[in-house]
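I opened this notebook to record what I looked up in the model, entry by entry.

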Amino acid sequence: MKNLVLLGGGYGNMRVLLRLLPNNLPEDVQITLVDRTPFHSLKTEFYALAAGTVPDQEVRVSYPEHERLKMVYGEVVEINRDKKMVVLANDIEIPYDDVVIGLGCEDKYHGVPGADEFTLSIQTIGRSRETFNKLCGLPSGSVVGIVGAGLSGIELASELRESRPDLRIKLFDRSPRILRDFPERLSNFVKKWFDTHNVEVISNSNITKVEPTVLHNHEETIEVDAVVWTAGIQPVAPVRNMDTETDSIGRVMLTQYHNLPEDESVYVVGDCAALPYAPSAQVAEEQAEQIVEVLHARWKGKELPETMPEIKLKGFLGSLGKKQGFAYLADRTVTGRIARLLKSGVLWMYKWHNG
């Protein structure tokens with residue numbers, strides 16, 4: 001019996017499971033899924049969990065059940081390619097014939113002193129819970145700094161404004177305008193929402209140091225009661241420690257078949273993969289579709305296609321609280337209530353298909 005090991009139960013490996021189970025898994029293959037938690041977490045919704053606008057159970061989806069799916073819960077510390085073995089923190093060793101690494105990412109602090117020690121995070125469900133506990137417990141009038149005005153920072157800032165209208169929120173953006181790589185109309189809509197709802201956007205910022213109650217922006221010091229870091233990501237340590245080629249930010253270089261160039265039994269999906277796209281759930285799912293095709297071909301001894309199809313993305317959706325949103329779809333900008341309904345609909349469909 002071959003053992004297909006899936007490391008991490010994120011969007012990529014959930015799509016692998018969805019395509020292989022219940023009836024598309026060869027009789028001589030079993031699956032071992034390794035994750036910290038006994039459920040799939042909806043990472044795209046962690047901002048709402050941290051802000052306190054959705055309960056914990058709203059950002060979970062159960063894993064499928066199957067007689068040849070084995071669940072192992074633990075922290076991955078090493079992927080030993082020489083032994084074809086995954087090592088967990090409790091010294092459990094899991095052998096594999098093929099492995100799909102979908103362990104996701106962690107915050108990247110860019111060498112900013114104090115950022116690791118004194119900031120909150122929404123990278124995992126556990127850390128998002130901690131962030132909620134801190135933000136929910138702040139006295140009225142407290143100042144919350146959010147460092148990073150990408151999609152995560154924007155959604156957290158807007159959701160927190162609706163959850164805690166009594167807080168002062170400062171959103172720090174390195175760019176001259178929010179979402180600078182997208183049409184100015186989109187940026188203007190988001191900025192106007194923040195202006196209307198008293199979220200202070202600090203453009204052209206450069207956080208140089210973080211202290212327990214102080215942020216240093218350029219030469220200015222800003223008093224804060226809590227700071228959430230959403231200003232960059234990097235692959236998790238077990239992936240960074242792999243002896244293989246990576247790009248400039250530590251993501252693993254892959255062949256067009258999504259495996260290591262020197263090891264066709266090791267695939268990487270999602271945030272750890274060096275792809276010409278920004279990390280997202282959509283990218284991970286599209287990758288997973290192709291990985292399943294490649295696995296099936298190799299299991300059956302078939303030739304792989306000379307070239308794999310180009311991954312085509314539909315765009316992205318973002319929320320501004322529960323009533324407004326923004327989207328960039330097929331090179332078109334959509335804003336307002338319609339964009340928010342689109343995002344809610346996509347989330348509902350995802351839960352329906354996976355739950």
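Entry 1. In what sense do strand S15 and strand S16 pair, and over how many bridges? I was working from a predicted model throughout. I found that S15 (residues 214–217) and S16 (residues 220–223) pair in the antiparallel sense, over 4 bridges. I looked up valine 214 and noted glutamate 223 in S16 as its bridge partner. The two strands form a hairpin with 2 residues between them. In that turn, histidine 218 has a positive phi of about 55°.

**Entry 2. The sheet of 3 strands.** I next examined an open sheet with the order S6-S7-S8, in which the pairing is antiparallel. S6 and S8 are at its edges; each has a single partner strand, so one side of each lacks a neighbour in the sheet. From one strand to the next, the twist averages 20°.

I then went through the two pairings in turn. Strand S6 (residues 76–80) pairs with S7 in the antiparallel sense over 4 bridges. Across this pairing, glutamate 78 stands opposite valine 87 in S7, and asparagine 80 stands opposite methionine 85. The hairpin of S6 and S7 has 4 residues between the strands, and lysine 84 takes a positive phi near 50° there.

On the S8 side, 3 bridges join S7 to strand S8 (residues 93–95), and these strands run antiparallel. Methionine 85 stands opposite proline 95 in S8. The hairpin of S7 and S8 also has 4 residues between the strands, with aspartate 91 at a positive phi near 70°.

Which residues of strand S7 point one way, and which the other? I recorded Met85 and Val87 on one side of S7 (residues 85–88) and Val86 and Leu88 on the other, all of them buried. I note the general rule that side chains in a regular strand alternate between the two faces of the sheet.

**Entry 3. The sheet of 6 strands.** I turned to an open sheet with the order S5-S2-S1-S9-S20-S19 and mixed pairing. Strand S5 (69–73) and strand S19 (259–260) stand at the edges with a single partner strand each, so one side of each is without a neighbour in the sheet. Within the sheet, strand S1 (residues 2–7) runs parallel to S2, and 6 bridges join them. The bridge partner of lysine 2 is valine 29 in S2.

I also looked for helices lying across these strands. H1 lies across S1, S2, S5 and strand S9 (98–101), and runs at about 145° to S1. Helix H8 (residues 281–299) lies across S1, S2, S9, S19 and strand S20 (263–268), at about 155° to S20.

**Entry 4. Threonine 32.** Is threonine 32 buried or exposed? Its place is in strand S2 (residues 29–35). Its relative accessible area is 3%, so threonine 32 is buried, the cut-off being under 20%. Leaving aside neighbours within four places in sequence, I listed its contacts as Asn3, Leu4, Val5, Leu6, Lys70, Val72 and Ile94.

**Entry 5. H1 against H9.** I looked up the packing of two helices. Such a pair is described by the angle between the axes and the distance between them. The axes of helix H1 (residues 11–20) and helix H9 (residues 337–354) come within 11 Å and cross at roughly 45°. Tyr11, Met14 and Leu18 of H1 make the contact with Tyr350, His353 and Asn354 of H9. I sorted the residues of this contact into 4 nonpolar, 2 polar and no charged.

**Entry 6. Aromatic pairs.** How many aromatic pairs does a search of the whole structure find? The search gave 8. In the pair of tryptophan 193 and phenylalanine 194, the ring centres are 5.7 Å apart and the planes are at 80°, so the pair is edge-to-face. Both tryptophan 193 and phenylalanine 194 are buried. I also recorded a cluster in which ring pairs link Phe182, Phe316, Phe326 and Tyr328.

Key
Residues numbered from 1 in each chain as written. Heavy atoms only, no water. Buried < 20%, exposed > 50% of the residue type's maximum accessible area, 1.4 Å probe, protein only. Contact = heavy atoms within 4.5 Å. Pairing = 2+ DSSP bridges. Axes fitted to C-alpha atoms, helices over the stretch in contact; angles between N-to-C directions. Nonpolar A, V, L, I, M, F, W, Y, C, P; charged D, E, K, R; others polar. Phe/Tyr/Trp six-rings, centres within 6.5 Å; stacked < 30°, edge-to-face > 60°.
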